Amino acid sequence: QLNYYPQKDKLVITTLEEPIVFFEKEATMKGSTTLSSDGLIGKGAMQFYDATLSSLHFKYDRRKIHADTSNLQISGKDLGALAISTENVQAHVDFDKNIGKFISNTGETKITFPANQYICYMDEFTWFMKSDELELKKNQTVNADIVINAEERKRASNFFSIASGQDSLNFLSTKAKFDIAKNILRCDNIKDILVGDALITPDSGRVTIEKFADMRPLHRALI
């Protein structure tokens, strides 16, 4: 549906059934766009690279999408199963560089990995769309003190297993990578992990988590 308002110098397009096509068919959108002398804006749901980016206020540059507040969902390769989801993030997507940058509006944003059965809290992440990979970062200093108290450690953690029987498994990782195609989550900069009454220090400060919260064996770990 197309509406032109000459006195306001605005052209509004609203989707009914067929989506609006963007960026030489690299993205589509269901919702509405408004073209004026100030540029092109929109609201609705953008779809590209197996992802849905929703916002009430998109701003478009040449082959770029910007949103001050948005929600993002990226599907995996297993019959379209959800790979990650997050809400309330600033979004900046560049289709020339094939990179999306997302920054939390609340200091840190909750990111859910349904296939891995984990959630994490990060400040920002970058999506390399062609390689199907995310890089996640958290600006938090790792406490050098040894803390055994489970509740204190939980408050300082940002990765949490939500798998049945693993609800007490959590740790702090300030840097991580996620392979969307393979559903593999690699967490770095881990000082240690509290398991029962034991502190486990992973070799090289890394753990790798596959689907169903399956953490790969830790070799050369310190207990």
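Me: Leaving aside its neighbours within four places in sequence, with which residues is aspartate 214 in contact?
Reply: This is a predicted model, in which local features need pLDDT of at least 70, side-chain atom pairs count only at pLDDT 80 or more, and totals for chains, interfaces and linings use all residues. Residues are numbered from 1 along each chain as its sequence is written, and side-chain values use heavy atoms, with hydrogens and water left out. Taking contact as heavy atoms within 4.5 Å, and setting those neighbours aside, the partners of aspartate 214 are Thr208 and Ile209.

Me: In which strand is aspartate 214 found?
Reply: Strands here are DSSP runs of E with at least two residues, numbered from the N terminus. Aspartate 214 belongs to the run covering residues 214–215, which is strand E21.

Me: Is aspartate 214 buried, exposed or partly exposed?
Reply: Buried means under 20% relative accessible area, exposed over 50%, and partly exposed in between, with a 1.4 Å probe and protein chains only. Because its relative accessible area is 43%, aspartate 214 is classed as partly exposed.

Me: How many Å apart in space are aspartate 214 and aspartate 123?
Reply: In sequence, aspartate 214 and aspartate 123 are separated by 91 residues. Taken from C-alpha to C-alpha, their separation in space is 25 Å.

Me: What is the relative accessible area of lysine 175?
Reply: Lysine 175 lies in strand E16, which covers residues 175–179. Lysine 175 counts as partly exposed because its relative accessible area is 41%.

Key: Helices (H or I, at least four residues) and strands (E, at least two) are DSSP runs, numbered from the N terminus.
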